[in-house]
Amino acid sequence: MNAIVSDPELLRQAALNSAEPAVEIKNVAMDYGGTVLALADVSLNLKEGEFLSIVGPSGCGKSTLLKLISGLAEAASGEVLVRGKPVRGTPPGIGFMFQRDVLLPWANVRENIAVGLECAGYPVNDREKRIDELLALIGLEQFGAYYPRALSGGMRQRVALCRLLAYSPDIYLMDEPFGALDAQTKLLMGQELLSIWSRFRKGVVFVTHDIEEAVSMSDRVVVMTGRPGRIKSEYQIDLPRPRDSRNVRKLPAFHRYVDAIWNDIMTESVRAA
Ligand SMILES: Nc1ncnc2c1ncn2[C@@H]1O[C@H](COP(=O)(O)OP(=O)(O)OP(=O)(O)O)[C@@H](O)[C@H]1O
Ligand SMILES: [Mg+2]
């Protein structure tokens, strides 16, 4: 009986069905102070423990949505709630991973990861041990003393992921975290993220231009229209978990999702053009 209750996927499914969403975006519009609307009337929820991807044409407001959730920007109208509270400044427990490498150039790998632990208030005496564990998790045990300039793009994104994990957020906001990587490294990083996520199973909002990446990882994929961004469609991805991001791509259902989402985005891109 205990074995069933402690099954992380069952616990996650229970959380997915819990009443209060982790994030609620209600009828939000956003204009960056000018006349051009970035977002128009967007409503979207992130459930507890859900892996949600957002795809859509360039400039449709995906990054803007993440900024609203993290309190880096404020909506012109509508409401953004995190765990039922209106967002004013960055809510506790929100972790952000950007597309561009934002490691501190003057700090080595261990020190960069320590920033995440510091932000999380991790006990000082246990930090070195925790950094060892995190480095092992992403296969960079040998590189703790390296500075970012001596790492490849893929290694830097691994360290950035590690720092995010060190912070141990309740909600993960990831803005094209692997967008700058070559196809093979990207696939590997996706695989690693999926395997790490299957252990902590926190809510993730994952922005990507890569439809296959979105379908392979997510519980749900939301497609946005061209600017001003609205929700065009959403797809519940009913593919089995745990998933291996390479094997899942062999399933016929996987390709049906990808085709449908691709058609939606093409329609929007043509309309925008
Ligand atoms: N700081 C800013 N000041 C003014 N306008 C901005 C700012 N940031 C974004 N915008 C505008 O808001 C709109 C949405 O931008 P956003 O960066 O959210 O798009 P995106 O969907 O993330 O695009 P991409 O896929 O290219 O990253 C764009 O038209 C952009 O020009
Ligand atoms: Mg963006």
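T208 sits in the loop that links β8 to α8 (211–217). (Helices are DSSP runs of H or I with at least four residues, strands are E runs of at least two, and both are numbered from the N terminus.) Because its relative accessible area is 3%, T208 is buried; the cut-offs are under 20% for buried, over 50% for exposed and partly exposed in between, with a 1.4 Å probe and protein chains only. The T208 side chain also has a partner: it makes a polar contact of 2.6 Å with the side chain of E213. (A polar contact is a pair of N or O atoms within 3.5 Å; inside protein one must be able to donate a hydrogen and the other to accept it, and sequence neighbours count only through side-chain atoms on both sides.)

Before going on, keep in mind that this is a predicted model, where local features need pLDDT of at least 70 and side-chain atom pairs pLDDT 80 or more, while totals for chains, interfaces and linings use all residues. Residues are numbered from 1 along each chain as its sequence is written, chains are lettered from A and ligands numbered from 1 in the order written, and side-chain values use heavy atoms, leaving out hydrogens and water.

## Around ligand 1

Which residues come nearest to ligand 1? Out of the 13 around it, they are S58, G59, K62, T64 and H209. (To be near, a residue needs a heavy atom within 4 Å.) By class, this shell has three nonpolar, six polar and four charged residues. (Nonpolar covers Ala, Val, Leu, Ile, Met, Phe, Trp, Tyr, Cys and Pro; charged covers Asp, Glu, Lys and Arg; the others, including Gly, are polar.)

Now zoom in on the oxygen atoms of ligand 1. One oxygen atom lies 2.5 Å from a polar side-chain atom of S58. For G59 it's the backbone that takes part: a polar atom there is 2.8 Å from an oxygen atom of the ligand. K62 brings an N or O atom of its side chain to 2.7 Å from a ligand oxygen. On its own, ligand 1 has 630 Å² of accessible area, and the protein covers 62% of that (Shrake-Rupley method, 1.4 Å probe).

## A hole inside

Strand β2 gives the largest share, three residues.

By class, nine lining residues are nonpolar, one is polar and none is charged. N45 counts as partly exposed because its relative accessible area is 33%. Its C-alpha is 26 Å from that of A166, which is 121 residues away along the chain.

## Distances in sequence and space

V207 belongs to strand β8 (residues 203–207). Is V207 buried or exposed? It's buried, because its relative accessibility is 0%. V207 and S53 are 154 residues apart in sequence, yet their C-alpha atoms are 5.6 Å apart in space.

A145 is in the loop between α5 (127–137) and α6 (153–167). With 58% relative accessibility, A145 counts as exposed.

Most residues other than glycine have a negative phi, and most peptide bonds are trans. N27 has a positive phi of about 45° and is not a glycine. N27 lies in strand β1 and is partly exposed, at 45% relative accessibility. R201 also isn't a glycine, and its phi is positive, near 50°. R201 is in the loop between α7 (183–200) and β8, and it's buried because its relative accessibility is 17%.

What kind of peptide bond joins R227 and P228? A cis one, with omega about -5°. P228 is in the loop between β9 (220–224) and β10 (231–236). R241 and P242 are joined by a cis peptide bond too, with omega about 0°, and P242 is in the loop between β10 and α9 (252–272).
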